[in-house]
2 protein chains.
Amino acid sequence: MATISKETAKRLDPDKLAASALEIADSEGLEAVTIRKLAQLHDVTPMALYRHFQDKNDLLAAIGDRMLGDIALPAPNDDPWDVQLRAVLTAFVAALRPHPKAAGLALFRILVSESGLAMAERTMELLTAGGFSTDDAAEVGRQSLCSLITLVTTEPGAGEDTDPVAREDSLRFKRASLAALSPHRYPLITSAADVLICPTSTDRYYELGIDLVVAGIRGVLVDRKA
Amino acid sequence: MATISKETAKRLDPDKLAASALEIADSEGLEAVTIRKLAQLHDVTPMALYRHFQDKNDLLAAIGDRMLGDIALPAPNDDPWDVQLRAVLTAFVAALRPHPKAAGLALFRILVSESGLAMAERTMELLTAGGFSTDDAAEVGRQSLCSLITLVTTEPGAGEDTDPVAREDSLRFKRASLAALSPHRYPLITSAADVLICPTSTDRYYELGIDLVVAGIRGVLVDRKA
DNA sequence: ACCGTAGGTCTACGTTGTAAACTTGTCAAC
DNA sequence: GTTGACAAGTTTACAACGTAGACCTACGGT
């Protein structure tokens, strides 16, 4: 304990910085993640952050890496390839779900971050096990992961409204906007307005999203074989 | 010709403004679309734009609307529902493809813009024709369209590098980054590096993307029925 | 005892979106 | 005609942003 004085102990830690930046993004939206705000949160001058991050993109990348680090990759087992793949993709979504406003940052980091790479490799393993060529597995895997990220970032309610008042206002506005449509010209949209604005259940939403991706993969595979 | 003087003829037109804003986005990236730059392009003071757009978001929305307006919705015919659906989704993608850097703006405008609504309604028609309930059609359609937008925005080479020099640099960097990976730990990723960085053909890329979405829809449908 | 260096500060610049008040060209009504 | 309202564009200004560059300062190795 003698090796580090009080002042020294206060030094910033890039991990902590990325963590609280992620918290800001979660609660106030991505555009609220500002060098100045993050610095203030750590009682430090804005420029201090540049000792730990090259620039703001570097900070955002760290946020992405952090989320990807939360992926709890399921252990390989004897289930069929598509069942295992579903488990991997579910783990991926589970890691991003808590951060719908920041999840987009994960996209650029999958092929850089350690656990992103692990998941990508695993995904390709399973796809090739299913019968895809290496190249096809790469393209299919790429698109599937992109779709799942989008699934999270467009989760209903991922709009950047933080306090419930503006949140409710925005919902009311959307509702009114759809309600103002002619039910004659847009019968299906108007009758499904409720679902379009806010789906029945978030869990169902994600389940359907993953179902669509997995079913797409299987479907494309049988088409390729034919 | 007497009704409008030279000066009056020079007045700004919101459509033209949105069009040239879209051009900026296409060539220099979305973040290059700046009130000031757009104003300068039209020989006008920045604040002049605020007579035609409430704020910058309004301008971005107009860009989104403009792209959605380019959707050439195929006429209904006697083909099976899934074939027609594929045609609609292809038309959607075709409208966005010329604008990979701006396509993300279309997301928020589908349920607002005229032709966005037309396409959404049409999509739901076909989905219900296939057998989905109205609510399921809404959720499935929503996700499918989101995935296709992402397909465009993440099109390889959609990164905001405009001139071929930085473009090539970025590619080289990615290539080097993947090449530096251990082929032992990531055998599949490293062997598919070329495809992951830049797919074989853009047309194939989009075809696969649409295939995945349509196959997913069909697959989910039969699962629902079972 | 020294000094290099890592970590933090201070100051400053250019860019962004936009609020507020002002000017000006056009047309309708008297 | 004159007037007066109104729409379009200008001017000025501000707060917030990312970040460059020079400075300080205390610790650790030699």
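Helix axes here are lines fitted to C-alpha atoms over the stretch in contact, and angles run from 0 to 180 degrees between N-to-C directions. The model is predicted: local features need pLDDT of at least 70 and side-chain atom pairs count only at pLDDT 80 or more, while totals for chains, interfaces and linings use all residues. Residues are numbered from 1 along each chain as its sequence is written, and chains are lettered from A and ligands numbered from 1 in the order in which they are written.

**View 1. Helices H2 and H4 of chain A cross at roughly 85 degrees.** Helices (H or I, at least four residues) and strands (E, at least two) are DSSP runs, numbered from the N terminus. The axes of H2 (residues 14-28) and H4 (residues 56-69) of chain A come within 9 Å. H2(A) is therefore roughly perpendicular to H4(A), a class that takes angles of 65 to 115 degrees. On H2(A) the contact is made by A:Pro14, A:Ala18, A:Ala19, A:Ala21, A:Leu22 and A:Ala25, and on H4(A) by A:Leu59, A:Ala62, A:Ile63 and A:Arg66; contact requires C-beta atoms, placed from the backbone, within 7 Å. Nine of these residues are nonpolar, none is polar and one is charged (nonpolar: Ala, Val, Leu, Ile, Met, Phe, Trp, Tyr, Cys and Pro; charged: Asp, Glu, Lys and Arg; polar: the others, Gly among them).

**View 2. Residues 34-53 of chain A carry the UniProt annotation "DNA-binding region".**

**View 3. Chain B meets chain A through 44 residues of chain B and 42 residues of chain A.** Helices H6 (114-130), H7 (134-153), H8 (164-179), H9 (187-191), H10 (193-197) and H11 (202-225) of chain B each give two or more residues to the side that touches chain A. That side of chain B holds 25 nonpolar, eleven polar and eight charged residues.

**View 4. A rotation of 180 degrees, with 0.0 Å of shift along its axis, superposes chain B on chain A.** In chain B, B:Gly216 comes closest to the rotation axis, at 1.7 Å (C-alpha). The same surface serves both copies, as 95% of the contact residues of chain B recur in chain A.

**View 5. In residues 1-7 of chain A, pLDDT (the predictor's confidence in each residue, from 0 to 100) stays under 50.** The model has one contact beyond four places in sequence for this segment. Chain A averages a pLDDT of 92, and 93% of the residues score at least 70.

Notes: Copies are superposed by least squares on the C-alpha atoms of residues with pLDDT of at least 70 in both. Two residues are in contact if their C-beta atoms, placed from the backbone, lie within 7 Å. Angles under 35 degrees count as roughly parallel, over 145 as roughly antiparallel, 65 to 115 as roughly perpendicular and the rest as oblique. UniProt positions are given in the numbering used here, feature names are shortened, and annotations may be inferred rather than shown by experiment.
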